[in-house]
Amino acid sequence: MVARVGDWFDEHRRDLPWRRSTPWGVMVSEFMLQQTPVSRVLGPWQEWMERWPAPDDLASEQAGAEVAAWGRLGYPRRAQRLHRAATVISEQHAGRVPGTLEELRALPGVGQYTAAAILSFAFGGRAVVLDTNIRRLLCRVEDGREFPPDSATASEWRRAEDWLPDTDERAAHWAAASMELGALVCTARSPRCEDCPVKDSCRWRAAGYPRHDGPPRRTQAWHGTDRQCRGVLLDLVRQNPEGVTVEVALGAWAERVQAERSLAGLLADALVRDDGGLLRL
């Protein structure tokens, strides 16, 4: 299966710009791609790399600029963490993204998956890269089920380790290939099973594509939530670098109490600051 998925990847892989970039470019892409589709990341990634092509460039920028540049990607705390990670890289690693799992895991905002992805995609190292796409692919092929659990289990990590080839080069190739197959063919909705290079080995296909029979899958609400409200307020401040008054900001959302709560959260997270009654990044 590893060889077949790899051959498919060599023919069908997308020409994504971070695949031709530096380790820093890969790291930026991994931060941006957290819970955000590739189509929304392509433009902001290119703009980010033109402005801050290396960790030192971002580390020397004043706080708040990274949140402004993050635009409407969502989850803007990722931008703050990336700025802090760039500062650590500049101060402790001579401006170069470190190339070991231990060093990567020590960076702000870098968890188990992100560290493994950077090591694999930026340095060609051997690491267990287990994202939603790979989890879904292995679940269907091995378990014959439509979807894995909401969160990765210990058994899933063990299985991913079992699938990982022994050499750095083959392991990195498998990580990228299996993720791409899950993203383009073995999708959550409307999978293109007839185009799958491992369809003859898929237990889910052999079982007749049984529907998910576990707990309802969690979906992230958006409309009317505090998260949407925070996004509206933050976007207003972002579009007005000269600052906006608290009252103007609160008036941008219909529910006053929710707007006050969301603004308090933005201030507490240091995503915006109150500069003498004017809200700025």
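My entries start with the ground rules, then go through the sheet and the rings.

**Ground rules.** This is a predicted model, so I kept in mind that local features need pLDDT of at least 70 and side-chain atom pairs pLDDT 80 or more, while totals for chains, interfaces and linings use all residues. Residues are numbered from 1 along each chain as its sequence is written, and side-chain values use heavy atoms, without hydrogens and water.

**Sheet.** I looked up the strands (DSSP runs of E, at least two residues, numbered from the N terminus). I found 3 strands in an open antiparallel sheet, ordered S1-S3-S2. S1 (244–245) and S2 (273–275) each have a single partner strand, so one side of each lacks a neighbour in the sheet. Strands pair if DSSP finds at least two bridges between them; S2 and S3 (residues 278–280) have 3. Asp274 has Leu279 as its bridge partner in S3.

**Rings.** I counted 5 aromatic pairs, meaning Phe, Tyr or Trp rings (six-membered ring for Trp) with centres within 6.5 Å; planes under 30 degrees apart are stacked, over 60 edge-to-face, the rest tilted. Trp163 and Trp174 are stacked, with centres 5.8 Å apart and planes at 15 degrees. Trp204 and Tyr209 are edge-to-face, at 5.1 Å and 80 degrees.

**Burial.** Is Trp204 buried or exposed? Trp204 is buried at 4% relative accessible area (buried is under 20%, exposed over 50%, partly exposed in between; 1.4 Å probe, protein chains only). Tyr209 is partly exposed at 31%.

How values were computed:
Helices (H or I, at least four residues) and strands (E, at least two) are DSSP runs, numbered from the N terminus.
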